[in-house]
Amino acid sequence: RVEHPAGGYKKLFETVEELSSPVTAHVTGWIPTWLRGSLLRCGPGLFEVGAEPFYHLFDGQALLHKFDFKEGHVTYHRRFVRTDAYVRAMTEKRIVITEFGTYAYPDPCKNIFSRFFSYFKGVEVTDNALVNVYPVGEDYYACTETNFITKINPDTLETIKQVDLCKYVSVNGATAHPHIENDGTVYNIGNCFGKNFSLAYNIIRIPPLQADKEDPMNKSEVVVQFPCSDRFKPSYVHSFGLTSNYIVFVETPVKINLLKFLSSWSLWGANYMDCFESNETMGVWLHVAEKKKGRLLNVKYRTSAFNLFHHINTYEDNGFLIVDLCTWKGFEFVYNYLYLANLRANWDEVKRQAEKAPQPEARRYVLPLNIDKADTGKNLVTLPYTTATATLRSDETIWLEPEVIFSGPRHAFEFPQINYKKYCGKPYTYTYGLGLNHFVPDRLCKLNVKTKETWVWQGADPYPPGPIFHVPPGTGRLLLSLPGVVLSIVISPGTGPKPAYLLILNAKDMSEVARAEVEVNIPVTFHGLFKRA
């Protein structure tokens, strides 16, 4: 176990300036010639406005980063996304829109009456697109988890326009983890109001770009609706599972108290975090739907409580669905531990907080699709390669117990990536992820989900955000020595002359192939993609 007494990880949460033009990175090692294109990543870059601080990891204003690869040369560029939240904060020199964990106080310059009335205009939902960037047709969008996504130019990083998903499809928001099929079809999930005012979750589908070149957003549709375990309290949903025939939605006990959200938040200085609560008795419910027919499977899968942010992969095998997840055990919300004051604390305090938090574990659940009532009391899983079980109970629920695929005390395997184009929704062997040590990102990991074997890249005192897996275009000239690369931005406070670099690892054994160093600090990023040239 690596210790971090110097607290270099605090550099991940420091405000930086955007760049007016790309800067050249200093390359050491060898960059494969087939690596052409851009690594795009999102994260917070502005952690305070004037004297007003943001309080939570998901509050800082969205900064879009790009590393460009061309003939072995690398440049780095970054721009703030011109969201309403950012533009208004810059204009008024204060926090104007309430963020995930930071309340925006009313304008102090207004008199008491106009302040009072502005309370009742309704909630101004943030559009701070700091979580991910993804393609829809020929367009690219930066996003958070609200109904607003922001169209950006992936070449110049300029902001094009804000898009409100509510104008296209019936959802109150959508996750930052859509599934994108090889033909360009986009699937996502969001909370919505279902029948007779009760809440539900809609799966939305955005078709690929057609010959008429019309914006695919105009053709978005709801394909299936999952019911909610509690008609007034939807669960927080961050991602979902998809195979060629099925959609898997995991409903966790982290709930959004909608009445609190709608009625009182503008009256007593609340933010999004104040509207979460845990259901201590429901455990976790898993729901399955047939993708093509949009039909719910009437099977009640149940298991004990966990938080879930990221699905690793999902696939079908002989009448079973294999669902691989990065879980955090228990019903307490992990985001309670991601306030910046916690993350910037001294190492001993960081460790103390992480001891109290839900513990991470990567797990495999196996869901039987064909249920026979005669099997009540039995384990229905007959696959030879897993220890996961699914027991049919007398109340017709199916109780799931997982196979653990990665577990270490206060060590998480998170932000999982796979060779997505080839293996999403299909049987697979390897996943690549970020190793969190008491919530501090300090290593990159490769995991064999079949044998549990791991490979690790870890520097002396560097902090990588999540990896991106990328393979050579076309398989004709697949190099067995370099079957693919794992790309990650790394910040290295105090260890070398350069504060940050882009790291390129051999996906085979996680050994370093090259690095491209820059002269500027790079704060934390969450997700992104590699856009081929």
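**Charges over rings.** I looked up Arg302 and found its charged end over the ring of Trp285, 3.7 Å from the ring centre. A charge sits over a ring if NZ of Lys or CZ of Arg is within 6 Å of the ring centre and within 35 degrees of the ring normal. I also noted Arg515, which lies over the face of Tyr501 at 4.1 Å from the ring centre.

**What I am reading.** The model is predicted: local features need pLDDT of at least 70, side-chain atom pairs count only at pLDDT 80 or more, and totals for chains, interfaces and linings use all residues. Residues are numbered from 1 along each chain as its sequence is written, and side-chain values use heavy atoms, with hydrogens and water left out.

**Aromatic pairs.** I took rings of Phe, Tyr and Trp (its six-membered ring) as paired if their centres lie within 6.5 Å; planes under 30 degrees apart count as stacked, over 60 as edge-to-face and the rest as tilted. By this rule I have 29 aromatic pairs. Phe276 is in strand 19 (residues 276-278) and Phe333 in the loop between strand 24 (320-329) and helix 4 (340-343), so the pair ties together parts 57 residues apart in sequence. Helices (H or I, at least four residues) and strands (E, at least two) are DSSP runs, numbered from the N terminus.

Phe276 and Phe333 are both buried. Buried means under 20% relative accessible area, exposed over 50%, partly exposed in between (1.4 Å probe, protein chains only).

Next I checked Phe309 and Tyr335, which are stacked, with 4.9 Å centre to centre and 10° between the planes. Phe309 is in strand 23 (residues 306-317) and Tyr335 in the loop between strand 24 and helix 4, 26 residues apart. Both Phe309 and Tyr335 are buried. I then found one aromatic cluster whose members include Phe58, Phe276, Phe309, Phe333 and Tyr335.

**Helix 1.** Which residues of helix 1 (residues 84-92) are buried? I found Ala85, Tyr86 and Ala89. The buried residues of helix 1 pack against strand 3 (37-46), strand 4 (48-49), strand 6 and strand 7 (73-80).

**Leu63.** I placed Leu63 in strand 6 (residues 61-70). Leu63 counts as buried because its relative accessibility is 0%. Beyond four places in sequence, its contacts (heavy atoms within 4.5 Å) include Val16, Cys42, Phe80 and Pro523.
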